[in-house]
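User: Can you walk me through this model? Keep it quick.
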Amino acid sequence: MKISEIDVTLYCSHCHDETLHHVQYLNDKIQSIDCTNCRRTIETEMNPMRELYKEVYKRVTSKPTRLTDEYKTDHGKFIEGFPKRVLSKPLRLVKYLNETKEALKKINKKVQ
Ligand SMILES: [Zn+2]
């Protein structure tokens, strides 16, 4: 899970003018838009916990299939590539968990 933030000029219906808006994306989907002038926030319907769940579910379900397919098609390659994959996975997982932790921290701060 990843949060990206950008500042863009958009029309604010409260200020009745084009103002600088702070847009926050969560996994490339807009999560919230704040008007930096009047501080009005538009939150989207997106549920961060559901997004996280979907992402984890996708990761968990896609991996074994890929491994099984490789095993079926190229036995030797699978065995050869296996130890490397096992070693590199925890590092990727740590990076992913850190990103997710940071994203959740930002979301929780916004909610309070
Ligand atoms: Zn405004």
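Analyst: Start with a term: buried means under 20% relative accessible area, exposed means over 50%, and partly exposed lies in between (1.4 Å probe, protein chains only). On that scale, buried residues make up 21% of the 112 residues in the chain.

User: What should I know about the source?
Analyst: This is a predicted model: local features need pLDDT of at least 70, side-chain atom pairs count only at pLDDT 80 or more, and totals for chains, interfaces and linings use all residues. Residues are numbered from 1 along each chain as its sequence is written, and side-chain values use heavy atoms, with hydrogens and water left out.

User: How many helices and strands does the chain have?
Analyst: There are 2 helices and 4 strands. Helices (H or I, at least four residues) and strands (E, at least two) are DSSP runs, numbered from the N terminus. From that end the elements run β-β-β-β-α-α.

User: What order do the strands take in the sheet?
Analyst: The order is E1-E2-E3-E4, in an open sheet of 4 strands with antiparallel pairing. E1 and E4 (41–43) are the edge strands, each pairing on one side only. On average, neighbouring strands of this sheet are turned by 25° against each other, direction ignored. For that angle, axes are lines fitted to C-alpha atoms (for helices over the stretch in contact), and angles run from 0 to 180 degrees between N-to-C directions.

User: What counts as pairing?
Analyst: Two strands pair if DSSP finds at least two bridges between them. In general, strands of a sheet pair through backbone hydrogen bonds, either parallel or antiparallel.

User: How many bridges join E1 and E2?
Analyst: E1 and E2 (residues 17–26) pair over 10 bridges, in the antiparallel sense. Tyr11 stands opposite Glu18 in E2. Thr9 stands opposite Leu20 in E2.

User: And E2 with E3, how many bridges?
Analyst: That antiparallel pair has 6 bridges. His22 has Asp34 in E3 as its bridge partner. E2 and E3 form a hairpin with 2 residues between them, and Asn27 in the turn has a positive phi of about 50°.

User: Back to E1 and E2. How many residues sit between them in the hairpin?
Analyst: The E1–E2 hairpin has 4 residues between its strands. His16 lies in that loop, and its phi is near 55°, a positive value in a residue other than glycine. Most residues other than glycine have a negative phi.

User: Is His16 buried or exposed?
Analyst: His16 counts as exposed because its relative accessibility is 58%. Arg39 also belongs on your phi list: it has a positive phi of about 70° although it is not a glycine. Arg39 is found in the loop between E3 and E4. At 61% relative accessibility, Arg39 counts as exposed.

User: New topic, the metal. Which residues are the protein donors of the zinc ion?
Analyst: Cys12, Cys15, Cys35 and Cys38, each through SG, lie 2.2 to 2.4 Å from the zinc ion. Donors are N, O and S atoms within 2.8 Å of the metal (3.2 Å for Na, K and Ca); water is not among the atoms, so sites may look incomplete. The donor residues are spaced C-x2-C-x19-C-x2-C in sequence.

User: Why is the arrangement tetrahedral?
Analyst: Because the 4 donor atoms subtend angles of 101 to 113° around the zinc ion. Four donors count as tetrahedral if all angles lie between 85 and 135 degrees.

User: Where do Cys12 and Cys35 lie?
Analyst: Cys12 lies in E1 (residues 3–12) and Cys35 in E3 (residues 29–35), so the pair ties together parts that are 23 residues apart in sequence. Both Cys12 and Cys35 are buried.

User: Which residues make up the largest nonpolar core?
Analyst: It has 8 residues: Met1, Ile3, Leu26, Met46, Leu52, Tyr96, Ala103 and Ile107. H2 gives the most to this core, with 3 residues. A nonpolar core is a set of buried Ala, Val, Leu, Ile, Met, Phe, Trp, Tyr and Cys residues joined through side-chain atoms within 4.5 Å.

User: What is Ile3 in contact with?
Analyst: Leaving aside neighbours within four places in sequence, Ile3 is in contact with Gln24, Tyr25, Leu26, Ala103, Lys106 and Ile107. Contact means heavy atoms within 4.5 Å.

User: And Thr100, where is its place?
Analyst: Thr100 is in H2 (residues 75–111). Thr100 is buried, with a relative accessible area of 7%. Not counting residues up to four places away in sequence, Thr100 touches Met1 and Leu52.

Note on methods. Tetrahedral: all angles 85-135°; square planar, octahedral: opposite > 155°, others 65-115°.
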